[in-house]
Amino acid sequence: MADQPRYEPLEANPVYVNELMPRTPPESTVARGELQLDEHYFTGKAGGQFVSELPNRALEGRTLEEVLARGRERFTVFCSHCHGQVGGGIGGDPMYEELVGMVVARGYPSPPTFHQDRLRRAPIGQFFDVITNGLARMPAHDYLVPPDDRWAIAAYIRALQRSQYAPRPLLAPQDFEKLPPPDETAAATALAPPRREPTSRLTP
Ligand code: HEC
């Protein structure tokens, strides 16, 4: 009973040419539950192009509000130590250069801020792809963050962008009511070139 007439896993087996007990699975074998045929959901692409919509599957069983709340929470866990809470970094308004995470404050290369035209125009599938595969100095997160959460984070990046820069056509009429009344003097000052104060160094 103690010694069963069978081969243990990884035991040598002289029956096979390479004398190895484990067999190599045939090419293209997919482990159960690992078949990823849904290109949109698993790669953020359709026909090789980045998509600009969330896949329906990422919204199954949850509302958009729930997706964004989850995205915010996951972004805080997996991204904010580099990208900061609002997606700061270089390449946009200088104020965003300071709003990076602790890892960058300690010397890691600064990421690009999410608040610049290039990334405002980037389709959401591109965010999904960067999270999945990483990009240059940014590490991949495919093994850390499951696809549903990667979509939630990608949607939350878009929400962060809107929180800082909302194009007028996207605002609802009730949003305009919340804006301060247009102040003509303020607008005129904003357009005028900055007034230069003479410094003491120039006037000894
Ligand atoms: C270890 C630090 C680090 C972490 C963690 C990190 N990133 Fe990044 N990220 C970077 C750096 C650095 C870049 C710039 C990459 C480059 O161009 O070299 C970047 C670039 C990006 C970009 C811009 C891609 C582009 O097209 O320029 C996005 C979007 C992004 N990251 C999203 C995320 C999200 C979402 C997470 C969390 C799931 C995350 N990052 C986690 C460091 C990080």
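Tutor: Let's start with H3, whose buried residues pack against helix H2 (56–59), helix H4 (80–83) and H8. This is a predicted model, in which local features need pLDDT of at least 70 and side-chain atom pairs count only at pLDDT 80 or more, while totals for chains, interfaces and linings use all residues. Residues are numbered from 1 along each chain as its sequence is written.

Student: What makes a stretch count as a helix or a strand?

Tutor: Both are DSSP runs numbered from the N terminus: a helix is H or I over at least four residues, a strand is E over at least two. By that rule the chain has 10 helices and 2 strands, in the order α-β-β-α-α-α-α-α-α-α-α-α.

Student: Which residues of H3 are called buried, and what makes them so?

Tutor: They are Val67, Gly71, Arg74 and Phe75. A residue is buried if 20 or more other C-beta atoms, placed from the backbone, lie within 10 Å of its own, partly exposed in between, and exposed if 12 or fewer do. Glu65 and Glu66, on the other side of H3, are exposed.

Student: What makes a set of residues a nonpolar core?

Tutor: Its members are buried Ala, Val, Leu, Ile, Met, Phe, Trp, Tyr and Cys residues joined through C-beta atoms within 7 Å. The largest such core has 22 residues, with Trp151, Ile153 and Ala154 among those with the most contacts inside it. H8 gives the largest share, 8 residues.

Student: Which residues is Ala154 in contact with, leaving aside its neighbours within four places in sequence?

Tutor: Ile124, Phe127, Phe128 and Ile131. Contact means that the C-beta atoms, placed from the backbone, lie within 7 Å.

Student: How many residues surround the ligand, and what puts a residue there?

Tutor: There are 21, and Cys79 and Cys82 are among the closest.

Note on methods. Two residues are in contact if their C-beta atoms, placed from the backbone, lie within 7 Å. A residue is near a molecule or strand if its C-beta atom, placed from the backbone, lies within 6 Å of it.
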